Structures are given as structure tokens and as C-alpha cells.
Amino acid sequence: MVKAFGEFLLFIQSMLTRKERLAVLWQRTLDECIVIGINSIFIVAIVSAFIGAVTCVQIAYNLTNPLIPKSTIGYMVREMTILELAPTITSIVLAGKVGSSIAGGLGTMRITEQVSALEVMGINSASYLVLPRILAAMLMFPLLVILAMALSIIGGYLAGSLTGALSAQEYIEGIRTDFIPYNIVFALIKSVVFAFLVSAISSFKGFFTQGGALEVGNASTTAVNNSIIAILVADFLLAALLL
């Protein structure tokens, strides 16, 4: 494990040395933003909207004490969404979609010797292939998390109103109660850290793939597993340090 961590640090170092020209790096980053961000909007929207709806319905089901105002449901949906569900669940979903795509793409390029061809031409393959993916992920993950926050709260609003668990006025009153702006900052910090972990770990696993098609599949699976574990560990550490 220590050896793998050392190899990972050397990989990051090689990516940051002898970087590509800024114009090339910018164009490659924009291309990766489309793959990582734009193509993930649909799955993030579906997951976040239904998570908000389910959270609202389940909180309403358990909140049976008549002394507790129903607006508490909206408050709890907002807090759970911003602090945990939107950044963490969205990042785990993206670890499965984006992480496997990055690892599979780089692994295929490695076994077909496209990476070796870049190095023969004098191009720093880690900087050209990996750095744009990491920058794109760190740029798009926070935007997707913001989208997930909004859609999750809207999903809770629709679920609460349609099921009759609480009125629209009570839900809006709840989401406006005791709002702490720092919670959104905390969620965005988490999303940037998760983006780096997912993209860097997936790139590392794919970049050093050896063998054939079977090994590419194994690299993708390992990348997703390691990324999810890293997200959960980082989630706890960030909560302990920043809250």
C-alpha cells in the first residue's frame, strides 16, 4: 500500500512537470469538461431529484409528533441535501460513471501503445492526457453538486406537496429556517476534493494498465472501488476538520 501511494505521488509529480502549452491545456480541458460534466447532467439530475423526494417522504413518515412543526421536514431535507447527500452521493455516482470512463480510456490507450507513441514524440503523456481530466473534474464537480442541491430540494418540495405530507408554504418556511451560508461553502470544498480523488485515482489506475482487454476492465473496476473508498474517508476527515 505504501509503495502504491508513493507511485501515485510520483505520478502526480510527473503530471505537473514539463506541462503542455497553456492553449493546448485549455482546449483539452474544455473537451474533457464536456465528457465529464455535460454528459453527466442527466444521471445527476435523476438521482438528486429522487433522493430529495424520498428523503422528504421518509422524514414526514417518521415525524409523527404533533408538537414538532411540519416545516421541520423542509429544514431537514435542506440540511441533509447540502451537507451530505448532494456532494457525497453525486460524487459516488460520478465515480462510477466518470471514474470508470477515465480508467478505461487511459487503459485502452496504454495497451494499444498510444501513450508510448506520445512519449516517443517528446510529449509528456501524463500532462497531456491526465492533467486536463483532473482540471475538468475539479471544475465540473462543484457545478454538478450545485445542480444536485437545487434539484434535490425541488424534488422534496414536489414530493411533499403531491403526497400531502406538508403544504408548500410549510416546506418553504422550513428551507428558509436557520440557513447557514458556510454549509454551501463546505459542500463545494468537499466536491473539489472528491473531484481530485476520483479523477486522479482513476487516471492512475488506467495509466499504468498492463495486459489486454481483461486488465482494462479490472483497472476500471478497481478505480471505481478505490475512488468510492477515498470519497468516504475524505468525507469523514473534511467533516471532522471543517465543521
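How do the residues of the lining of the largest cavity divide into nonpolar, polar and charged? The lining has six nonpolar residues, four polar ones and no charged ones. Here Ala, Val, Leu, Ile, Met, Phe, Trp, Tyr, Cys and Pro count as nonpolar, Asp, Glu, Lys and Arg as charged, and the others, Gly among them, as polar.

Before we go further, a word on what you are looking at. This is a predicted model, in which local features need pLDDT of at least 70 and side-chain atom pairs count only at pLDDT 80 or more, while totals for chains, interfaces and linings use all residues. Residues are numbered from 1 along each chain as its sequence is written, and side-chain values use heavy atoms, with hydrogens and water left out.

Searching the whole structure turns up two cavities of 30 Å³ or more. On a 1 Å grid over the protein atoms alone, a cavity is a set of points where a 1.4 Å probe fits but cannot get out, and lining residues have an atom within 4 Å of a point. Grid points are joined across faces, edges and corners, and a volume is the space filled by probe spheres set on the points.

The largest cavity has a volume of about 40 Å³. Its lining is made of V47, S48, I51, T81, L85, A86, I89, T90, A148 and S152. Helix 3 (41-62), helix 4 (71-111) and helix 6 (125-163) are the elements that each give two or more of these residues; helices are DSSP runs of H or I with at least four residues, numbered from the N terminus. Helix 4 contributes the most, with five residues.

The second largest cavity, at about 30 Å³, is lined by V44, V47, S48, I89, T90 and V93. Helix 3 and helix 4 are the elements giving two or more residues to this lining, which has four nonpolar, two polar and no charged residues.

Now for an open space. A pocket is an open set of points with protein on both sides within 12 Å along at least five of seven lines. The largest pocket holds about 460 Å³ of space, and among its lining residues are M1, F5, F8, F204, K205 and N226. Helix 1 (2-16), helix 8 (182-207) and helix 9 (213-242) each give two or more residues to that lining, which divides into 10 nonpolar, one polar and one charged.

Finally, visit S127, in helix 6. S127 counts as buried because its relative accessibility is 0%, and buried means under 20% relative accessible area with a 1.4 Å probe, protein chains only. Leaving aside residues up to four places away in sequence, S127 touches M15, R18, K19, E20, L25 and P132, where contact means heavy atoms within 4.5 Å.

Definitions and conventions
Buried means under 20% relative accessible area, exposed over 50%, partly exposed in between (1.4 Å probe, protein chains only).
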